[in-house]
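Q: I would like to learn how to read the features of a model like this one. Please take them in turn, with the general idea before the case.

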Amino acid sequence: MLGWGVEFLRAEMNRLLALLFHQGVLDEQFLQLQQLQDESSPNFVSEVITIYFHESEKLLRNLRLLLMERELSDYKKMEIHLNQMMGSSSSIGAKRVRNVCVAFRAASEQNNHAGCLRALELLEHEYCYLKNKLHELFQIEQQRALASVVRYPARHN
Amino acid sequence: MASPSMRWIDDGCNVDGGNPGLTREKLFVLVVADDALVRKVHEKLVSKLKVAKQVQTQTAANRKEALDLHLSGSSFDIILMDMQMPIMDGPEATKELRAMGVESMIVGVTSVDATADKEAIVEAGLDECLAKPLTAEKIKYLVETLERNK
């Protein structure tokens with residue numbers, strides 16, 4: 001029964017990952033990130049993703065503040081935030097978020113305020129979706145790790 | 001201000017054979033990026049690649065830390081320079097390093113089109129410019145270029 005649990009959870013993880021790849025939410029860079037995790041840094045992926053969430057939310061807040069200004073003139077500042085979000089998103093394989101950043105940047109370069117607002121809403125939506133799915137993935141991973149420990153408890157003589 | 005982190009990574013080659021593909025004894029890489037995520041990922045990527053028998057990585061969060069490292073006597077084979085740091089961008093930091101006499105391979109790492117402004121890249125003194133995400137293949141290409149130009 002416990003063995004079935006571990007395998008079931010592993011299948012669930014793979015199913016979710018396959019879905020996210022199929023939807024274009026993640027790309028192969030996410031797999032590269034997973035490959036960087038090893039015994040010397042067993043929580044590497046979750047640490048990186050935690051930094052990503054923290055930094056992205058700061059950037060999204062800043063972008064929203066800039067766009068809420070009645071007379072937006074600081075498109076340059078917006079581009080700096082977008083470049084950072086593009087860079088970090090591509091580094092973790094967050095393909096759809098990165099693509100929206102590219103479109104957002106294009107609107108910013110044209111000083112297109114309405115276009116930037118639409119892009120920001122889409123960016124916030126894509127980011128939220130990504131965050132929820134990654135949380136789901138990590139929860140399954142935690143359950144799988146726990147199930148493995150229960151299945152193979154340490155022996156104490 | 002965070003102090004630069006330094007890691008020595010031994011690739012764990014066994015005494016008898018080692019990795020037959022490795023020609024370099026040591027590789028020193030500096031990752032300059034204001035974004036903590038980029039520093040973490042690039043440092044790990046470099047340190048995990050078996051492109052030398054020993055790989056040492058350091059990170060710097062800004063231009064000043066990068067310059068201070070060199071002023072304190074550190075030198076590197078490859079400097080991965082983020083191109084979009086807000087305070088002083090990558091090309092400006094590169095110009096300063098070259099003015100100091102730094103001869104390392106300096107590679108710009110950019111979030112936008114890596115070929116967009118080749119003239120500016122060359123003028124700044126960068127040897128290469130690569131688009132994010134950095135991958136194992138891209139790092140290996142840099143090391144191979146380093147070996148060819150030795």
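Q: How many helices and strands does chain B have?
A: Helices (H or I, at least four residues) and strands (E, at least two) are DSSP runs, numbered from the N terminus. Chain B has five helices and six strands, in the order β-β-α-β-α-β-α-β-α-β-α from the N terminus on. Before going further: this is a predicted model, in which local features need pLDDT of at least 70 and side-chain atom pairs count only at pLDDT 80 or more, while totals for chains, interfaces and linings use all residues. Residues are numbered from 1 along each chain as its sequence is written, chains are lettered from A and ligands numbered from 1 in the order in which they are written, and side-chain values use heavy atoms, with hydrogens and water left out.

Q: What is the secondary structure of chain A?
A: Chain A has six helices and zero strands, so its elements read α-α-α-α-α-α from the N terminus on.

Q: Which residues of α5(A) are buried?
A: Buried means under 20% relative accessible area, exposed over 50%, and partly exposed in between (1.4 Å probe, protein chains only). In α5(A) the buried residues are V97(A), V100(A), C101(A), F104(A), R105(A), A107(A) and S108(A).

Q: Why do they line one face of the helix?
A: An α-helix has 3.6 residues a turn, so residues three or four places apart point the same way. Seen down the axis of α5(A), the buried residues fall within an arc of 160° (taken over the directions from the helix axis to the C-beta atoms), so they line one face. The helix itself covers residues 95-109 of chain A and reaches 21 Å from its first C-alpha to its last, close to the expected 21 Å; the expected span is 1.5 Å times one less than the number of residues.

Q: Which residues touch the most other members of the largest nonpolar core?
A: A nonpolar core is a set of buried Ala, Val, Leu, Ile, Met, Phe, Trp, Tyr and Cys residues joined through side-chain atoms within 4.5 Å. The largest has 68 residues, and Y52(A), F104(A), L123(A), I78(B) and L80(B) touch the most other members. Contact means heavy atoms within 4.5 Å. Leaving aside neighbours within four places in sequence, L123(A) is in contact with residues including V97(A), V100(A), C101(A) and F104(A). A second, separate core of 18 residues includes L30(B), A66(B), L69(B) and F76(B).

Q: Where does P133(B) lie, and what joins it to K132(B)?
A: P133(B) lies in the loop between β6 (128-131) and α5 (136-148) of chain B. A cis peptide bond joins K132(B) and P133(B), with omega about 5°.
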